Amino acid sequence: MISPDSRFHRRRFLQKSIAGTAWAGLATVSRHVLGGPGHTPPSEKVNVAAVGVGNRGWQVLQMMESHNIAALCDVDAKYLAKAASRYPKAKTYRDFRRMLEREDKNIDAVAVATTDHTHIPISVMAMKMGKHSYTEKPLGHNIHEVREATRVARRYGAATQLGNGAHAGYNYRRVVELIRAGAIGEVREVHAWCDEAWGNRYRPRETPPVPQHLEWDLWLGPAPYRPYHPCYHPIAWRNWWDFGNGRLGDMGCHLIDLAFWALDLKYPLTAEAKGTPVHPEGTPLWLIARWEFPARGDLPPVTVTWHDGGKRPPQQKEHNMPDWPEGVLFVGADGMLISHWGKHELHPKEKFSDFRRPPRTIPESIGHAEEWLSACKNGSPTGC
């Protein structure tokens, strides 16, 4: 049964949002979670609360169910009921603030799999209350939010993990080893792409009633108010800047992550983009974004380019590479490497037909979610 939460007034939500000092009244750290004088080591299982339990949230829950799912929260009662049937011992809530306040002593960590625009308000409040945080990608809705989350995580010593699951996989590790070993020589150019796109959509004019199973005010959270329409919830909200970041925010984290890892990238010197004409509210139907990164020690400067909405790097076709609808291409002085989620190839193939792979230097992951859960217990590092 869903807990009978009383609704918070919308204005109070906005007053307590990250822009307004990010829940300053809830900044007390729970010593039983993060350690300190009199600290008691955590139990073998982490007590996890999940915010957003439908779609991707449902998958995240199943990755963590070897531990104790202590609380569930979703603005959609249908998703919440499905999750509650699988985890009947968990307390259920519609409002994450109520959940965190009432379950403070019962939870160690919070997994956030909501819309992009509510990731940081939830994660930051949880970390300020002494909870560890697993947050789906992209981490935040804008750069300010990401910097605030980073600051808070450091201040409160939270174990964190971003939902870039491919980072824990076998394939990405082998690609990183190849690039670092110089298999294709010096790399000064990288491309990442995804054929699909979100965007260029105006708000619907119809204003149907809000379904009884949905708390629309809570779904909007800190976003500007607009009437409910089924085009927003549960999937297509990424079409609008108010809630998402288009295909770059959706898939760029997964793919560009490989370039950052393999080439030890930090902050770019420049950024530029082109795409469909700027839309007043919607993300672009296609986008090409380019970042220039400086030299890093012995590594040369590198240009990273993102393509979506059917745009791809020209080398893919020119050099008869696989027709993958998404991927990452490293262009080196002595060859090229193209990677998908679970496989990669060296090109030109005839040049690398007798290539001997470098020794494995990156240990296999214990699992993307398990990395975080272990970090919650003993402070071990996470991949993302």
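The count of disulfides in this predicted model is 0.

**Cysteines**
- A disulfide calls for two cysteine sulfur atoms within 2.5 Å, and by that rule the total is 0.

**Strand β4 and its partners**
- Strand β4 spans residues 109-112, and both of its faces are covered.
- On one side of β4 are Ala109 and Ala111, on the other Val110 and Val112, and all of these residues are buried.
- Strand β1, made up of residues 47-51, runs parallel to β4 and is joined to it by 4 bridges.
- Within this pairing, Val112 in β4 has Val51 opposite it.
- Strand β5, residues 132-135, also runs parallel to β4, and 4 bridges join the two.
- Here Ala109 has His132 in β5 as its bridge partner.

**Thr305 in strand β10**
- Thr305 belongs to strand β10, which covers residues 302-308.
- The relative accessible area of Thr305 is 1%; this is under 20%, so the residue is buried.
- Leaving aside residues up to four places away in sequence, Thr305 touches Val190, His191 and Ala192 as well as Ile288, Ala289 and Arg290.

**The second largest pocket**
- The second largest pocket holds about 840 Å³ of space.
- Its lining is made up of 40 residues, of which Gly54, Arg56, Ala113, Thr114 and Trp237 are the closest to the centre.
- Elements giving two or more residues to this lining are α3 (56-63), α6 (119-128), α9 (216-220) and α10 (246-263).
- The largest share comes from α10, which supplies 4 residues to the lining of this pocket.
- By residue class, the lining of the second largest pocket has 17 nonpolar, 13 polar and 10 charged members.

Terms used. Residues numbered from 1 in each chain as written. Predicted model: local features only at pLDDT ≥ 70, side-chain atom pairs only at ≥ 80, totals over all residues. Heavy atoms only, no water. Buried < 20%, exposed > 50% of the residue type's maximum accessible area, 1.4 Å probe, protein only. Contact = heavy atoms within 4.5 Å. 1 Å grid on protein atoms, 1.4 Å probe; cavity = no way out; pocket = protein on both sides within 12 Å on 5 of 7 lines; lining within 4 Å. Points joined across faces, edges and corners; volume = space filled by probe spheres on them. Nonpolar A, V, L, I, M, F, W, Y, C, P; charged D, E, K, R; others polar. Pairing = 2+ DSSP bridges.
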